[in-house]
Amino acid sequence: MPPSPPLQLVALLLLSLLLRSATAAEYTVGDGPWDTGTNYATWSDKHAFLAGDILVFQYVRSQHNVLQVTEATYRSCDTGGGGVAGVIKSYDTGYDRVQLTEPNATYWFICDFPGHCLGGMRLAVKVAAAAAGGGGGGGGSPPPSGVPLHPPAAGGAGRSQWPAWGLTLAVLLVVFHYCIIIF
């Protein structure tokens, strides 16, 4: 006897959720608006970023921007006044999504509005290679000397832990499915 349509639908939903969770995680930078009131070094230390993850910068366009910069520009907060020296890419929509594509790399971001970078609006993100099954953290070379990054907390505090129980649930669903067919 074939499985009932509702059971098939549940199995497909669980499988699609499981596959989605094994891919990129999305992080709102600072867990709120990109502004001068957030400690971004502390925030980034709480997360284990993997290649493929997405950073979302939310801010008021007339008050902030986001520049992906070189390490030297990150450290000096100096883009040469025109926002060009050491700038890899600039964003200014107020809702910028940046995918972290390079494994074992550090991404450097600043706000180029006067005084904002020196006031703390800068973010360094260490990205590990994506682990099989969506696991979090580890791998890669250490960050350059003096980089304000620390190893992520065990288990990757920012990455949802549901894939482990989601896989268990999917296996149980398959077992349940075959039990129904056999009995």
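Buried means under 20% relative accessible area, exposed over 50%, and partly exposed in between, with a 1.4 Å probe and protein chains only. Keep that scale at hand for this tour.

The model is predicted: local features need pLDDT of at least 70, side-chain atom pairs count only at pLDDT 80 or more, and totals for chains, interfaces and linings use all residues. Residues are numbered from 1 along each chain as its sequence is written, and side-chain values use heavy atoms, leaving out hydrogens and water.

**Stop one: Cys-111.** Select Cys-111. Its relative accessibility is 1%, so Cys-111 counts as buried.

**Stop two: the disulfide.** A disulfide here is a pair of cysteine sulfur atoms within 2.5 Å. The count is one. Select Cys-77 and Cys-117: their sulfur atoms sit 2.0 Å apart. The link is left-handed, with -65 degrees about the S-S bond. Cys-77 lies in the loop between helix H3 (71-76) and strand S5 (87-91), and Cys-117 in the loop between S7 and S8, so the pair ties together parts 40 residues apart in sequence. Helices (H or I, at least four residues) and strands (E, at least two) are DSSP runs, numbered from the N terminus. Cys-77 is buried at 15%, and Cys-117 is buried at 5%. Cys-111 is in no disulfide; the nearest cysteine sulfur, that of Cys-117, is 8.3 Å away.

**Stop three: the cores.** A nonpolar core is a set of buried Ala, Val, Leu, Ile, Met, Phe, Trp, Tyr and Cys residues joined through side-chain atoms within 4.5 Å. Select Trp-34, Leu-55, Phe-57 and Leu-123. Of the 22 residues in the largest core, these touch the most other members. Strand S8 (122-128) is one of the elements giving two or more residues to this core. S8 gives the largest share, three residues. Apart from this core lies another of eight residues, including Leu-67, Cys-77, Trp-108 and Ala-124.
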